[in-house]
Amino acid sequence: MPKPKALVVMNPESFRAHFDDARTARLAALADLGADGGPVCLHELDSPAARHRLRGADVLLTSWGAPALTAERLRDAPALRAVFHGAGSVRPLVTSEVWRRGIRMTSAADANAIPVAEYTLAAIIFAGKKVPFIAADPEAAYRGWSHLGGYGNLSNYRRTVGVVGFSRIGRRVVGLLDQLDATVCLVADPHADPAEVAAAGGVLVDLPELLARSETLTLHAPALPSTHHMIGAAELALLPDHATVVNTARGSLIDSAALAAECRSGRLFAILDVTEPEPLPPGDPLRSTPNVLITPHLAGSLGTEILRLTDHTLDELARWIAGEPLRAEITPQAFALNA
């Protein structure tokens, strides 16, 4: 059978990160890139040249910077049968027209979950001994541990960690927490199966119980209308004194003003890799609040980690070509809940 005609759509920076010589060669071996001397990668789909290329494409390989697949753009893609997304969430890409057309969609979210879970575990371990906050305090950083006060129990032994969202990343975090001695891992997720949570090493409880017991709270829920500010003032008030909130999911899950107030009081701490908005504007209360560490969305795949996303995407393309089941397909039902 002839190779499927493939079109790579992402911004130039993403293409350089995704495709080294070896992966470009693998893509060319799997698919007909049909560039006719033009660029292998497009960053837009609206110019006449891009529309011409789109009309012949059987599959798209997308990543950061790809434009949304609107009905107007898809009208110029009559042959399109599948989209292989080499990043996490497909929400910026997918429209209802994708599902109406029956176009198959995969995501590299499973591969992207690996570094996020690793970052989260590191954040939880540092939270146990309040490392970022002690290091940021010039009065405390250079004195012996016996002089420290106001940080709670500085330990990673026999602690309780609450995981909100038994997602791809949440599952990995639950598994990684097994590395910490005698840690109790609580999970809150209305869609989770108690047996699956138990098999991963957690205990499924409702959100109020999880909050009341968690010395470290880590968030892994999707950004949906139902999860907007799911952790607000009332929820934060349930956390024990000196608890740390870790967020590597979406900034919209937390009421930032309520979190800033709790951290400013000295009662809570926070390690945030995502914020609302992102980035935080000058003057936002979180930027000057003590007991808060903010990193600029570092947890997801960066540097050589992006090559893992490319390999995942090319593996899915190879399975599709061979007529094998896809391992990371996004269905309309999954998209509505989490994608």
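Predicted model: local features only at pLDDT ≥ 70, side-chain atom pairs only at ≥ 80, totals over all residues.

Residues are numbered from 1 along each chain as its sequence is written, and side-chain values use heavy atoms, with hydrogens and water left out.

Q: Why is helix 6 called roughly antiparallel to helix 14?
A: Helix 6 (109-128) packs against helix 14 (residues 305-322) at an angle of about 160°, the axes being 8 Å apart. Axes are lines fitted to C-alpha atoms, for helices over the stretch in contact, and angles run from 0 to 180 degrees between N-to-C directions. Angles under 35 degrees count as roughly parallel, over 145 as roughly antiparallel, 65 to 115 as roughly perpendicular and the rest as oblique. So the pair gets the roughly antiparallel label. Helices here are DSSP runs of H or I with at least four residues, strands are runs of E with at least two, and both are numbered from the N terminus.

Q: What makes the contact between helix 6 and helix 14?
A: Contact means heavy atoms within 4.5 Å. Helix 6 brings Asp110, Ala111, Asn112, Ile114 and Pro115, and helix 14 brings Glu305, Arg308, Leu309 and His312. Sorted by class, that is four nonpolar, two polar and three charged residues. For the sorting, Ala, Val, Leu, Ile, Met, Phe, Trp, Tyr, Cys and Pro count as nonpolar, Asp, Glu, Lys and Arg as charged, and the others, Gly among them, as polar.

Q: Why is helix 2 called roughly parallel to helix 14?
A: The axes of helix 2 (residues 21-30) and helix 14 cross at roughly 10° and come within 11 Å. That angle makes the two roughly parallel. On the helix 2 side, the contact is made by Arg23, Arg26, Leu27 and Leu30, while helix 14 supplies residues including Leu307, Thr310, Asp311 and Leu314. The class count is seven nonpolar, one polar and four charged.

Q: Why are helix 6 and helix 9 described as oblique?
A: Helix 6 meets helix 9 (residues 168-176) at about 45°, with 8 Å between the axes. The pair is therefore oblique. By class, the contact has 10 nonpolar, one polar and four charged residues.

Q: What makes a space in this model a cavity and not a pocket?
A: On a 1 Å grid over the protein atoms alone, a cavity is a set of points where a 1.4 Å probe fits but cannot get out, whereas a pocket is an open set with protein on both sides within 12 Å along at least five of seven lines; lining residues have an atom within 4 Å of a point. A search of the whole structure turns up three cavities of 30 Å³ or more. The largest cavity holds about 80 Å³, and among its 13 lining residues, Gly128, Ser155, Asn156, Arg159 and Thr216 are closest to the centre. Its lining splits into four nonpolar, six polar and three charged residues, with helix 6 giving the most, three.

Q: What is the volume of the largest pocket, and which residues are closest to its centre?
A: The largest pocket has about 990 Å³ of space; a volume is the space filled by probe spheres set on grid points, which are joined across faces, edges and corners. Of its 42 lining residues, Gly88, Ser89, Asn112, Ala249 and Arg250 are closest to the centre. Helix 6 contributes the most here too, with four residues. The lining has 20 nonpolar, 17 polar and five charged residues.

Q: What is the omega of the cis bond from Glu276 to Pro277, and where is Pro277 found?
A: Omega is near -5° for that cis bond, and Pro277 is in the loop between strand 11 (269-272) and strand 12 (292-294). Another cis bond joins Glu278 and Pro279, with omega about 0°.
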